[in-house]
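Take the points in order, and find each residue as you go.

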Number of protein chains: 2
Amino acid sequence: MVMSPTDLKIDITRLSTDASDFDSRLNDLLAWEGVSSAEVAARVEEIIGAVRLDGDAALLDYTRRFDRLDAQDMTELTLGAGRLEAAYRGLPPAQRDALSVAAERVRNYHQRQKPESWHYTDELGNLLGQQVTPLDRVGIYVPGGKAAYPSSVLMNAIPARVAGVKEIIMVVPTPDGVVNELVLAAAHLAQVDRVFTLGGAQAVAALAYGTETVPRVDKIVGPGNIYVATAKRAVFGQVGIDMIAGPSEILVVSDGTTDPDWLAMDLFSQAEHDEDAQAILVGWDSEHLNAVAASIERLLPSMERAEIIGASLERRGALIECRGRHEAITLINRIAPEHLELSVIDAQSWLAEVRHAGAIFLGRYTSEALGDYCAGPNHVLPTSGTARFSSPLGVYDFQKRSSIIQCTAQGAAQLGETASRLARGESLTAHARSAELRIKGQGDRA
Amino acid sequence: MVMSPTDLKIDITRLSTDASDFDSRLNDLLAWEGVSSAEVAARVEEIIGAVRLDGDAALLDYTRRFDRLDAQDMTELTLGAGRLEAAYRGLPPAQRDALSVAAERVRNYHQRQKPESWHYTDELGNLLGQQVTPLDRVGIYVPGGKAAYPSSVLMNAIPARVAGVKEIIMVVPTPDGVVNELVLAAAHLAQVDRVFTLGGAQAVAALAYGTETVPRVDKIVGPGNIYVATAKRAVFGQVGIDMIAGPSEILVVSDGTTDPDWLAMDLFSQAEHDEDAQAILVGWDSEHLNAVAASIERLLPSMERAEIIGASLERRGALIECRGRHEAITLINRIAPEHLELSVIDAQSWLAEVRHAGAIFLGRYTSEALGDYCAGPNHVLPTSGTARFSSPLGVYDFQKRSSIIQCTAQGAAQLGETASRLARGESLTAHARSAELRIKGQGDRA
């Protein structure tokens, strides 16, 4: 789409850390509250209840109403390995190769991420450690329609497979029967076992509780609309879930020597996701920031998704001028961005000071787009400042640990003294007596 | 408390895997739905809203109403390092030593659990990896009253400290001003920085959003009542949270040669927590199960918490007879217990087949009580079957990872081809063009 000249002016926010109202303006810019509502929550509870009660019948009913698919039977909403492989074989070779290269690189990276079981023997001869095991079965939610990204299928399924998950179930809504062949091809490459063409809260409920046809899974991952996010929050505890994602964001830091067109395009690549996406550039060279602003104005009309990009940059984008490297790092850690591009010289020297970021792209050549598709690391990343406490999706999300404790008779006797004393301090005397029974000499039947 | 003879008969459920209705009876036994309600959720939303709006004033108000503490100022609800140390110094030496031994063993164990940053260089010269960093600030919720356990303070705070968390904030309600000195002493040992005598949803809200006095934290851990659990679920996303815990449970597997009194006491030690706690014994020797039932009857009247134990065992306990080791392992993996005691010969040989359990206690000498206090592993464990997908609380819960990507010019050019093709397949052309700008020869200003 080419915009008309009157649309070309874009009013992107300019902030300066010098300004007295900088803090409050930055807070306003970053503010994001998940847009849930009591109404959505009640609707979702109703759908979950119906799926728990009526199983497949409820799924068929909701799919008829919401996706306009008149299936008589769950087999009509099931795609097996053969169908996925056919989608893969049917791709143009160049696309098939690109997908395969990406899958291979993502697999290689994640294989290095596998936690291992460990144990040791303490000075009393007790064995202590942790046993790491994969989840049995995982469900991947893939949105339908325009946000159906084959790359997301790879990023969600491959870590699960590397973790050793035995069965991977995918759900993807196909409103009016429209199927995305690239998504199915990606599912084949990522070794997804079965696909159900289901979506919304009903798909989440089916994965969480199981129906006659859809098996109950142990964890549900993948992005979705407000109904999907609300349903995931509601079933959390019954199954594991990944983070509830907000809009995607990037923080680019430029030292003033990166080509302004490159930076403009990097901001566009974030902004084109949707109008709530957030793209922020930080620098300390005001001439350079002006040059990037000019690149944005010049390049925007040539972009296919110019309207979305323009809306996103006007609503949530910003060019921030700060005093230098030190302030830039303070901003990074305050914003805790999903994506951080360090478009600076000697980017590695910044690493030790970056405390919060989902993914860090170092140097001018490392555009976020490379990481989104094929560099290897996962593109499912913590948004809205949650990088303060969460991590990229990884193999560790598809494994869990069991503590291992084996006491020797001597070890049990010695630990028993301590445990008994502490248990009695908490008035838990059965705990105390259970420990005392193992204390040497008291172990015989009284 | 000694029960009267008429109370002595305890009617503990006996199940056999042979019975045709075994599956449904087991399902009924295990069923546990978190007891939330729309009413509680609405009340909690109101409290969170008030704390976000009015900060300290709301905290003082709720503390006055719920805990009957008429504080004029937050300083009256704040305990600093000096007060914690005084509590520690004031303990009887034997108790102080026991607490110190436990803290030291827990610290040693968790130090082995620390994930490390890693990176590698791929064949194109690109640097790929993950940087592991601690959370900045963590909040620990400690329940007041009878369930105030100093051991829980150690188990929640020590992994955070080992992870490198800079500041640990603890909240603990002190209704009517009753302070638990052991809890404060444990906070001193675990190097908690500050304690606020706050509880309920208002404490969770303060930690999640911050007030004038209570600093916003990055993650909230620790158990609490239904208001606390509901509040944690509500603020999830704004901050990280640990699992929402259900009642505690144990599954003991006996091969028939462990002293029945030991087993009875192990079941009691779980059942004494509260009437919803669950203690199950599995074995294949029916004479032995009878002997354990007899031990339960004989020992119960001598227990201080006999009423709670009796109620718990009658409501949620069971002795299950199965056909042998193979069926026992199937039961373990189906139940996915929080605590698993393998009171069997050669317990280690079972490990490879145990897929789901929070903590595994191997051999007759390893009573759960040792793990609850001082063996080293964490006693905060996944309940209600959530061991299918979650892990003991650990150092990893107080750290997060950032993906690291640094492409060389050659690497960016080669990856750019793949990224561009995939981005165009997803109609994300700004992504494609951002990658293409880095392809060698196209990198110069057009």
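**Notes on the model**

1. Start with A:Tyr141. Setting aside neighbours up to four places away in sequence, A:Tyr141 is in contact with A:Val171, A:Pro173, A:Gly199, A:Gly200, A:Ala203, A:Val204, A:Val221, A:Gly222, A:Pro223, A:Gly224 and A:Val228. Keep in mind that this is a predicted model. A:Tyr141 belongs to strand β5 (residues 137–141) of chain A. Its relative accessible area is 4%, so A:Tyr141 counts as buried. The cut-off for buried is under 20%. One contact of A:Tyr141 is polar: a polar atom of its side chain lies 2.7 Å from the backbone nitrogen of A:Gly200.

2. An unreviewed UniProt entry annotates A:Tyr141, A:Gln202 and A:Asn225 as "binding site". These residues are spread over 85 residues of sequence, yet they cluster in space, with a largest C-alpha distance of 12.6 Å.

3. Now look at A:Asn225. Where is A:Asn225 found? A:Asn225 sits in the loop between β8 (219–221) and α9 (226–235) of chain A. With a relative accessible area of 45%, A:Asn225 is partly exposed. A polar atom of the A:Asn225 side chain lies 3.0 Å from the backbone nitrogen of A:Tyr227.

4. A further group needs more care. The unreviewed UniProt entry also gives "binding site" for A:Gln270, A:His273, A:Asp372 and A:His431. They span 162 residues in sequence, and the farthest two C-alpha atoms are 55.7 Å apart, so they do not all gather at one spot.

5. Follow two members of that group to chain B. A:His273 lies in the loop between α10 (260–271) and β11 (278–283) of chain A. Beyond its neighbours within four places in sequence, the contacts of A:His273 include A:Tyr149, A:Arg305, B:Leu428 and B:His431. A:His431 is in helix α16 (residues 429–437) of chain A. A:His431 is buried, because its relative accessibility is 1%. Leaving out residues up to four places away in sequence, A:His431 touches A:Ala423 and several residues of chain B, among them B:Glu272, B:His273 and B:Asp372.

6. Turn to the aromatic rings. How many aromatic pairs does the structure hold over all chains? There are 13. Take A:Tyr109 and B:Trp118: their ring centres are 5.1 Å apart and their planes are at 45°, so the pair is tilted. A:Tyr109 lies in helix α5 (residues 93–111) of chain A and B:Trp118 in strand β3 (residues 118–121) of chain B, so this pair joins two chains. B:Trp118 also pairs with B:Tyr120: centres 6.2 Å apart and planes at 10° make that pair stacked. A:Tyr109, B:Trp118 and B:Tyr120 form one aromatic cluster.

7. B:Trp118 is buried at 17% relative accessibility. B:Tyr120 is buried too, with a relative accessible area of 10%.

8. Two arginines sit over rings. A:Arg112 lies over the face of B:Tyr120, 3.5 Å from the ring centre. The charged end of A:Arg96 sits over the ring of A:Tyr88, 5.9 Å from its centre.

9. Finish with a check on helix α5 (residues 93–111) of chain B. At 1.5 Å a residue, its 19 residues should span 27 Å, and its end C-alpha atoms are 27 Å apart, which agrees. Buried residues of α5(B) include B:Ala98, B:Leu99, B:Val106 and B:Tyr109.

Conventions. Residues numbered from 1 in each chain as written. Chains lettered and ligands numbered in written order. Predicted model: local features only at pLDDT ≥ 70, side-chain atom pairs only at ≥ 80, totals over all residues. Heavy atoms only, no water. Helix = DSSP H or I, 4+ residues; strand = E, 2+ residues; numbered from the N terminus. Expected span 1.5 Å × (residues − 1). Buried < 20%, exposed > 50% of the residue type's maximum accessible area, 1.4 Å probe, protein only. UniProt positions renumbered as here; feature names shortened; annotations may be inferred. Contact = heavy atoms within 4.5 Å. Phe/Tyr/Trp six-rings, centres within 6.5 Å; stacked < 30°, edge-to-face > 60°. Lys NZ or Arg CZ within 6 Å of the ring centre and 35° of its normal. Polar contact = N/O pair within 3.5 Å; in protein donor to acceptor, adjacent residues only side chain to side chain.
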